[in-house]
Amino acid sequence: MSVGTVFIVGAGPGDPGLLTVKALELVRTCDVLVYDNLMADECVALSRAAEKIYVGKGSGRHMMTQEAIGEILVDRARGGKTVVRLKGGDPFVFGRGGEECQTLGRASIPFVVVPGVTAGIAGPAYAGIPVTHRDMSRGVTLVTGHFSRDQEVELPWEALAGLGHTLVFYMAVAALERACSSLIQAGLAGDTPAALVEQATTGSQRTVTGTLSTIASLARERDVKPPALLVCGHVVDLQQELHWLPQLPLAGRSVLFTRAADRDYDAVDRLRALGAKVIDVPVVQLVARGDVGMDLASVEAVAFTSAAAVGFFFDLLARQGRDARALAGHVVAAATHTVASELERHGIAADLDLEVVRSLGLARALKAHGVGGPRRVLLPRSAAAGADLVTDLERAGLEPVTLVLYDTLPADLGWLEVKLAGRSPDAVVFLSGSGVAAVLAAVPALLDLERPPLWACVGRLSAQALESRGIVPDVLPTRPDVDMLVDDLVEKMGSQP
Ligand code: SAH
């Protein structure tokens, strides 16, 4: 058996949008994912890895030793697996990525390093602090605050104080007092601007600003907790002018967004771009069926009821060496706007008017379309799809031909409760009835929060699932369309204090 490669990958500081394209692709496709940074858990959830190993601290668990982590990496690679070792920020910046590469090298395991966006640069940037500036700072020095734990290690304080650089301390909370007093003793002015950036680039980011003399007591007062960075230097003053993040309409708001794995929604990007912290929760895993036979020649119409079905349908065509032209001469129906947009992405404009579909239902709308109406209707769908549409079509005198393209399997949502850590999201978005069941089973506490979230459902089925638990959705768009749901949600959240 050939030896697998280990990818030492930086996950960035927290905002999943700061994962590199290369990192995301590797996380999605690796066989084994080894991670310790809870901030990257949304991308962990997106991974299709058969084995996901958490080696970090967490509810009651202790951090695994570096040796034990090394052993896991070597063992899985020797088993022929492609391994991704995901680390916060950049793996080589205070991330012990170098040590892990040395371990792999000694074991003759091939490794590849994928750099990440480091917290010490991205964190200040999200707080409106450029770490260098022509007029204020000609350099930036990244420093570890680890000296506070490692008593024998002392930093060259005089040298640091004399540089005239921006100083960025990682692991800053425990080291705060000593770092500030040592710098002042070494000659740096006590009124040098200083900032702490806590949970940078996540929806819980907080910035506390002061001076070298005041920042430690401010941190105690405001109860600043790790992970946080200490930034010292005149560039900190620019924050007043450049603090762009709090200006965004949904800054500081969190949205729990449920969906199927493998399905990307522009809606998530839109919410993030508006400043919301989106907890992206794939509730189901869609798994393609391998050996599906499809006879398009024997049907007159194809009706798509989900965007996922559209994706799997075109995957199947591609596997058969065909493309969108295979649908030429067929009536193509989309059940919702979301489905119609997905079809458009594949170059197909749906035939049926969506307003007509909405008022008559798909079956009668199909019947009403075209002279004589199409008779045999192909329904590409999930094995879990309900029988309603089939019955409707039969009642309308049509002949439904079900084509099961994929299975819908529940995803493991064990991480969600840890992620929420008892905090209430400001809104919860459901795109399916199964999503409602899965999320409320994983985090039952969501149902009796002191400050309940806004509940948003895309359509009738998700709303019914919520209502059956005694909750009336706050947002339900007039048609089942994810973009419309987001419009309504943004309006509602924007009007709330
Ligand atoms: N390899 C990482 C750093 C690991 S050391 C990187 O390149 O970013 C861990 C320290 O990084 C934390 O103690 C904290 O100081 C800093 N850090 C990491 N993520 C952070 C975040 N989202 N906000 C603030 N500080 C962060």
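Strand 6 and strand 7 (residues 166-170) are paired in the parallel sense over five bridges, strands being DSSP runs of E of at least two residues, numbered from the N terminus, and two strands being taken as paired if DSSP finds at least two bridges between them. Within this pairing, Thr-141 stands opposite Leu-167 of strand 7. The structure is a predicted model, in which local features need pLDDT of at least 70 and side-chain atom pairs count only at pLDDT 80 or more, whereas totals for chains, interfaces and linings use all residues. Residues are numbered from 1 along each chain as its sequence is written, and side-chain values use heavy atoms, with hydrogens and water left out.

The pair belongs to an open sheet of five strands in the order 6-7-10-8-9, with mixed pairing. Strand 6 (140-144) and strand 9 (206-211) stand at the edges with a single partner strand each, so that one side of each is left without a neighbour in the sheet. From one strand to the next the twist averages 20°, as given by axes that are lines fitted to C-alpha atoms, with angles running from 0 to 180 degrees between N-to-C directions.

A second open sheet, also of mixed pairing, is formed by eight strands in the order 14-13-15-16-12-11-17-18. Its edge strands are strand 14 (331-334) and strand 18 (454-457), each of which pairs on one side only; neighbouring strands of this sheet are turned against each other by 20° on average, direction ignored. Strand 12 (residues 277-288) and strand 16 (residues 399-410) run antiparallel and are joined by five bridges, and the bridge partner of Leu-286 in strand 16 is Thr-408.

The domain assignment of the protein chain gives domain 1 (6-117), domain 2 (121-242), domain 3 (254-283 + 411-494) and domain 4 (286-410), the bounds coming from an automatic or database domain assignment. The C-alpha centres of domain 1 and domain 3 lie 29 Å apart.

The shell around the ligand draws at least three residues from each of domain 1 (6-117) and domain 2 (121-242). Of the 18 residues around the ligand, Val-93, Thr-118, Met-171, Ala-200 and Ala-228 come nearest, a residue being near if one of its heavy atoms lies within 4 Å. By class, this shell has twelve nonpolar, five polar and one charged residues. A nitrogen atom of the ligand lies 3.0 Å from a polar backbone atom of Gly-88, and a backbone N or O atom of Ala-200 is 2.7 Å from a nitrogen atom of the ligand. An oxygen atom of the ligand is 2.7 Å from a polar backbone atom of Ala-228. Taken alone, the ligand exposes 540 Å², of which the protein buries 88%, with accessible areas from the Shrake-Rupley method and a 1.4 Å probe.

Two backbone features complete the description. Most residues other than glycine have a negative phi, and most peptide bonds are trans. Phe-94, in the loop between strand 4 (83-87) and helix 4 (97-106), has a positive phi near 50°, helices being DSSP runs of H or I of at least four residues. A cis peptide bond, with omega of about 0°, joins Pro-226 and Pro-227, and Pro-227 is placed in the loop between helix 8 (215-222) and strand 10 (228-232).

Conventions: Polar contact = N/O pair within 3.5 Å; in protein donor to acceptor, adjacent residues only side chain to side chain. Nonpolar A, V, L, I, M, F, W, Y, C, P; charged D, E, K, R; others polar.
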